[in-house]
Every structure is written in C-alpha cells, then in structure tokens.
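Here is a short report on one chain.

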Amino acid sequence: MGKIDLSTKQTPIDYKTVTEKIEASGIANIGKATIRELVRLVNQIEGATGKKFVRMEMGVPGLKPPQIGIDAEIKSLQEGAAAKYVLIDGIPELKKEASRFVKLFMDIDVDAECCVPTVGSMQGSFAAFMLMGKYMKGKDTTLFIDPGFPVQKQQHHALGIKYETFDVYDYRGSKLKEKLESYLVKGNISCIVYSNPNNPAWVCFNDDELKIIGDLANKYDITVVEDLAYFGMDFRKDLSKPGLPPYQPTVAKYTDNYFLMISSSKIFSYAGQRIGLAVISNKLYNRCFPGLTENFKTEKFGYAFVYRVLYSLTAGTAHSAQYGLTSMLKAVNDGSYNFVEATREYGEKAKIMKKFFTDNGFTIVYDKDIDQPLADGFYFTFAYPGFTGEELLEQLLYYGISAISLSITGSDRVEGIRACVSLVMRSQFEDLELRLKLFHEHHK
Ligand SMILES: Cc1ncc(COP(=O)(O)O)c(C=O)c1O
C-alpha cells in the first residue's frame with residue numbers, strides 16, 4: 001500500500017502545513033532523517049500550527065534528576081571545584097563508588113582504578129573505539145550486534161574505523177553462537193558492541209546469550225563493549241536491591257575482556273551534565289598491547305585510555321558533575337535511593353502506549369526475548385501492515401506523532417519504527433489514542 005493521499009482527509013495536523021514544512025526542511029527522505037533533523041522538523045511544524053505532537057523521536061530522559069546529585073554539584077561549586085582542573089581518571093570518591101556500584105548491582109569485581117568517568121557514554125565509546133581500532137594487528141573492524149544506537153556508527157565514520165553488523169532479530173538464543181562465529185573466524189574483528197537493554201528494540205540478552213558472547217570473546221581474544229545506558233530497566237525483574245540477586249545481567253560474568261559503559265543520562269536523568277562511567281576489567285585495563293605504541297606511546301590499555309585519549313579529547317570530565325554522580329552512586333550503594341524504582345514509570349507508560357497501538361491495527365516488531373514477552377521500557381518498536389517504516393513515519397507526522405525509522409538503526413525490519421516513551425506525558429494519552437484511531441480509520 002505504501003503512502004496514501006492524505007490531502008482529502010481531515011488529519012489532526014493541517015495537511016498543507018506539514019507538507020510545506022517537510023519540503024522546506026530539505027530532507028530528501030524523512031524516513032532516513034537523523035534524530036536531530038526530525039526534532040528540528042517537528043519543532044517547526046509545532047511552531048507553525050500551534051499543535052502539540054506526541055513526541056517519541058528522541059531518547060531524552062523525561063524525569064527529574066535526584067536532588068542529591070544537584071545538591072552535591074552546587075556544594076562542590078561553592079567550594080571551588082570550577083577553578084580546578086580535574087583528575088583525568090576521576091576523583092577518588094567517584095572511582096570508589098563506581099567500583100562499589102558494579103559489585104553491588106552486577107556482582108563483579110573491578111578495582112576503583114579501572115572505573116573512569118567520561119563525558120557521557122558517548123565519549124567512553126569514542127575513546128574505546130580509538131584504542132580498539134589499533135590495539136591488535138589485523139583486528140581492525142568492529143562488529144555491532146544490531147539494531148543499535150546510530151551515533152556509535154557515526155563515531156566509526158569520524159574515526160575511519162571499519163565495522164560490520166547484523167540484525168539480531170533472527171539470531172536469538174543458541175543461534176547467536178553460529179552467527180557471531182561466522183564473523184569472528186575471519187580474524188578481523190577487534191570488538192563486539194551492543195546495548196543491553198537494547199536501544200532501539202528493547203530486547204534483553206539473557207545469561208545464555210551473554211555466555212555465548214563471553215565465551216567467544218575469550219576464544220577469539222576480542223573485547224566486548226557492553227553499553228548499559230538502560231542499566232536495571234528490564235522491569236520484569238527487580239534489579240534494584242544492592243548486594244542481592246537478581247543482578248543486572250552482564251557479559252562480565254563470562255569473560256575478562258570487557259569494557260562496560262554506564263551512562264548517568266537515563267538512570268539518573270542526568271543527560272545534560274554529560275557524565276558516564278567506563279568500567280574496564282582489571283585484566284584489560286592492565287593489559288599491554290604492542291599495537292597501541294605507535295599512536296599512544298604506551299602499550300598499556302588503561303594508561304592509553306586515560307592519559308592519551310581522554311587527555312587529548314577533554315582532559316577529564318566536568319568536576320562538579322563528578323561530585324554529583326558520586327553522591328547519587330553513594331546513595332544507591334547505601335540503599336537510601338532506589339534508582340530503578342525512579343525509572344519504572346517508563347515501563348508503565350510503555351505498557352499503556354503499546355496497547356493504544358495494537359488496539360488500532362499496529363503490531364509490535366521486536367516483541368519477544370526468545371520465548372518471553374519483551375519487557376516494557378524506554379523504547380518499543382511498531383509497524384502498520386502495508387507500510388515501510390519510512391513511509392509510516394512520514395504519514396504519522398500528519399497525525400501529530402513523531403518517532404524514528406528503524407532503518408537508521410541497523411535493523412533489517414524495514415517495516416519498523418522506534419517509539420521512545422520518555423517525553424510523552426500521561427496527559428497526552430487521550431490525544432495519542434484518538435490520533436491512532438483516526439490513522440487506523442484512514443488507512444485500514
Ligand atoms: C544505547 C545508548 N548508548 C549511549 C547513549 C548515550 O549516553 P550518554 O548520554 O551517556 O552519552 C545513549 C543515549 O541515548 C544510548 O541510548
């Protein structure tokens with residue numbers, strides 16, 4: 001079916017204005033637009049029509065950050081933090097709380113020295129890719145388990161590093177082993193990258209799958225870059241109790257070749273302060289790679305990460321943000337603040353919103369973790385029969401609904417769209433339901 005002509009229909013957002021704004025945006029194919037391009041376009045349509053969209057395109061945290069973080073930042077500034085250069089590897093208090101955090105919530109042992117703050121996980125991955133593109137001769141290509149976070153591919157383009165990718169949709173459970181191995185046997189893969197829970201599909205690898213990944217990392221001597229931007233948010237389990245199982249599942253249980261990224265952006269709604277943690281296994285941090293010497297004048301991975309790459313990029317992470325994150329981590333480690341409970345609202349909203357979609361002819365694209373229904377969380381994916389995701393995305397703009405197409409995330413599911421629940425307010429649910437009903441009436 002593809003696109004249908006909406007010019008004769010009464011759409012919630014004025015047909016002429018949407019069409020004009022799309023044309024004026026200069027974006028050749030709306031379905032291929034980047035997230036930031038869509039944000040700009042939707043802002044313009046909202047401005048011109050005065051109508052509010054149900055905005056699901058950008059993964060912005062929609063919650064208030066914990067006051068303890070803000071208070072600690074203010075206190076540090078009042079005490080002079082702004083005037084001082086930071087320790088590039090992080091203030092000792094933060095390193096200590098980070099090491100405690102991974103012990104208490106993942107049950108893994110990482111020395112404080114190997115927990116390093118970065119300017120968001122975005123910087124953590126950029127710095128990691130700089131090293132991993134060089135560290136072992138012949139291993140010059142990253143393997144992404146997709147769908148994934150598009151900016152990490154942008155980082156590869158910026159750095160001129162090669163990557164390969166596959167959509168995990170058809171390779172869950174034991175099928176993952178053969179698929180991964182088909183890449184690894186070639187010998188050119190330096191690291192495997194994925195997020196868990198997954199942005200955009202919200203699939204969560206189970207321990208069997210993480211063991212497959214860990215075992216293969218050992219067998220082929222490569223690093224696993226595990227992106228935990230949505231730490232603890234598989235709300236099917238209670239991952240919120242310090243020191244008690246169940247723990248956040250991690251590949252670190254199965255290999256020492258790991259580089260974990262724990263962003264504060266979503267778990268503490270701290271995106272604006274740009275701080276995250278690189279948690280590098282003790283073994284990887286202290287390991288020597290002759291391949292690093294040419295560019296970094298040291299063989300040591302951890303040393304090169306901190307004193308060559310982070311120093312070159314930003315010379316550390318903002319001082320006050322380090323104090324803010326320290327205080328929030330300390331509170332969760334001590335059990336006085338429950339960061340998982342604070343984000344549970346995302347899962348509850350997702351459950352309601354998914355039903356609005358499925359009641360109106362839409363389907364959920366990534367809908368299972370092997371044999372279990374998917375968790376409700378920060379993102380979900382949907383499709384409408386007869387449409388590609390790119391076509392659907394454009395048609396939905398006339399109904400005041402914005403999201404991104406899965407095609408920009410490395411997904412093979414061309415019919416799919418990613419919805420992010422964080423910015424949608426409960427007060428907009430009625431609008432969302434009405435708009436989806438109307439869409440269905442016009443398109444079925
Ligand atoms: C999977 C994933 N990784 C990393 C990031 C970026 O994290 P940060 O804000 O810490 O740079 C995001 C943000 O949306 C994400 O979804």
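## Overall fold

How many helices and strands are in the chain? There are 16 helices and 15 strands. The model is predicted. The radius of gyration of the chain is 22 Å, and the globule rule also gives 22 Å for 444 residues, so the chain is as compact as a globular protein of that length.

The C-alpha trace spans about 65 × 55 × 40 Å along its principal axes. Of the 444 residues, 52% count as buried. Take the contacts with a separation of 6 or more: residues 24 or more positions apart account for 77% of them.

## Two domains

The chain is divided into two parts by a domain assignment. Domain 1 covers 15-62 + 340-443. Domain 2 covers 67-333. Their centres, taken over C-alpha atoms, are separated by 28 Å.

The two domains touch: 28 residues of domain 1 are in contact with 31 residues of domain 2. Which elements give two or more residues to the domain 1 side? They are α14 (339-358) and β12 (379-383). Helix α14 gives the most, with six residues. By residue class, this side of domain 1 divides into 13 nonpolar, eight polar and seven charged.

## Around the ligand

The shell around the ligand holds 13 residues. Which of them come nearest? They are Gly120, Met122, Ala229, Ser263 and Ser265.

Helix α5 (residues 120-132) supplies the largest share of this shell, three residues. The shell residues divide into four nonpolar, eight polar and one charged.

## A closer look at Leu329

Leu329 sits in helix α13 (residues 319-333). Is this residue buried or exposed? Leu329 has 28 C-beta neighbours inside 10 Å. The cut-off for burial is 20 or more, so Leu329 counts as buried.

What does Leu329 touch, not counting residues up to four places away in sequence? Its partners are Glu97, Ala98 and Phe101.

Notes: Residues numbered from 1 in each chain as written. Predicted model: local features only at pLDDT ≥ 70, side-chain atom pairs only at ≥ 80, totals over all residues. Contact = placed C-beta atoms within 7 Å. Helix = DSSP H or I, 4+ residues; strand = E, 2+ residues; numbered from the N terminus. Nonpolar A, V, L, I, M, F, W, Y, C, P; charged D, E, K, R; others polar. Near = placed C-beta within 6 Å. Rg over C-alpha atoms; globule rule 2.2 N^0.38 Å. Buried ≥ 20, exposed ≤ 12 C-beta atoms within 10 Å, placed from the backbone.
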